[in-house]
Amino acid sequence: MALLNGKVALITGATRGIGRAIAVRLAEEGAGVVVDHPGEDAQAQAVVSEIREKGGTAIAIRADVSDSHEVEHLFAEALHHYQTVDILVNNAGICPFVEWFELTEALWDQVYAVNLKGAFLCSRQASKIMRDHGHGGRIISLSSISALVGGKFQTHYTPTKAGVRSLMQSLAIVLGPYGITCNSILPGSILTDINRDHYADPAIWQRDVGRIPLGRLGNPEDIAGVAAFLASDDARYVNGADILVDGGLFVNLQ
Ligand code: NAD
Ligand code: RM4
């Protein structure tokens with residue numbers, strides 16, 4: 001039986017990678033899906049087509065999550081089409097790998113704006129809808145193993161992922177009384193466009209795979225199933241939690 005029949009799920013940054021896999025999976029579980037994208041029209045339409053070909057329901061809406069006006073428009077359009085939003089997945093994120101001494105203020109601001117401010121703006125809009133409709137809801141955010149450990153080329157990025165995790169913890173308290181749960185997924189290393197160039201270096205690839213007890217990098221579908229669980233009624237008492245999905249990377253220190 002499908003887990004999400006009758007629900008509406010909005011996934012930010014759903015054209016590629018983890019967001020795409022989550023959009024496809026939630027649609028397979030019966031949710032009507034909103035594929036948010038920052039201007040990747042053709043890729044967004046490809047995701048919508050894939051979902052529809054599998055018998056699901058989806059629309060694409062263009063919105064940069066770091067822009068409050070675009071985020072307001074995103075949720076207004078979603079409401080116009082589906083009349084509600086039950087599930088928000090804060091997935092949109094960027095991580096241009098860069099040396100600390102090369103890091104500019106502009107890049108710091110951009111990574112913060114997309115990764116952390118974007119999660120704030122979308123959570124704010126979604127929670128108002130969920131509160132007003134009175135049926136509870138789910139906010140699921142893509143934090144990261146990088147909320148727990150540092151990254152040599154990610155000094156701008158790791159604080160945003162710690163921030164996203166912390167935002168979910170505080171919102172779990174604020175929104176729990178409305179039946180809205182707020183949780184984080186902490187992926188380890190999942191091969192996507194965000195790190196494809198980084199992993200093109202065989203030494204880096206071998207080092208990281210060698211640290212993962214399951215012996216491989218993750219793939220987006222490894223994360224999508226966890227998102228489906230958190231979105232489902234089976235996770236109704238999970239609130240303010242983290243799920244680390246890293247193949248055992250984090251515990252492999254000794
Ligand atoms: P990706 O580069 O494949 O996908 C990122 C998506 O975000 C794209 O669809 C892109 O269009 C979208 N996006 C970028 N800027 C946006 C904006 N301003 N507004 C709306 N959408 C925007 O990367 P991914 O690996 O799928 O990453 C998805 C999320 O998972 C990110 O938040 C990332 O930090 C997190 N994460 C990834 C990994 C990993 O190893 N890949 C690990 C931990 C956490
Ligand atoms: C993640 C984690 C991964 C990295 C991506 C870009 O949060 O740090 O290892 O590949 O970001």
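**Entry 1: the model.** I am working from a predicted model, so I keep that in mind throughout.

**Entry 2: who surrounds ligand 2?** I listed the residues around ligand 2 and found F97, S144, S146, Q154, Y157, G188, S189, I194 and N195. Sorted by class, this shell holds six polar and three nonpolar residues, and no charged ones.

Entry 3: Which side chains place a polar atom by an oxygen of ligand 2? I noted Y157, where the distance from a polar side-chain atom to a ligand oxygen is 2.6 Å. For N195, a side-chain N or O atom sits 2.9 Å from an oxygen of ligand 2. For Q154, the corresponding distance is 3.0 Å. I then checked the cover: on its own ligand 2 has 290 Å² of accessible area, and the protein covers 89% of that.

**Entry 4: Y82.** I moved on to Y82, which belongs to helix α3, residues 68-82. Is Y82 buried or exposed? Its relative accessible area is 12%, and the cut-off for buried is under 20%, so I put Y82 down as buried.

**Entry 5: what Y82 meets.** Leaving out residues up to four places away in sequence, I found Y82 touching V8, G32, V33, V34, T57, A58 and I59. G32 is 50 residues from Y82 along the chain, yet I read 7.8 Å between their C-alpha atoms.

Terms used. Residues are numbered from 1 along each chain as its sequence is written. Chains are lettered from A and ligands numbered from 1 in the order in which they are written. This is a predicted model: local features need pLDDT of at least 70, side-chain atom pairs count only at pLDDT 80 or more; totals for chains, interfaces and linings use all residues. Side-chain values use heavy atoms; hydrogens and water are left out. A residue is near a molecule or strand if one of its heavy atoms lies within 4 Å of it. A polar contact is a pair of N or O atoms within 3.5 Å; within protein, one must be able to donate a hydrogen and the other to accept it, and residues adjacent in sequence count only if both atoms are side-chain atoms. Accessible areas come from the Shrake-Rupley method with a 1.4 Å probe; for residues, only the protein chains shown count as cover. Ala, Val, Leu, Ile, Met, Phe, Trp, Tyr, Cys and Pro count as nonpolar, Asp, Glu, Lys and Arg as charged, and the others, Gly among them, as polar. Helices (H or I, at least four residues) and strands (E, at least two) are DSSP runs, numbered from the N terminus. Buried means under 20% relative accessible area, exposed over 50%, partly exposed in between (1.4 Å probe, protein chains only). Contact means heavy atoms within 4.5 Å.
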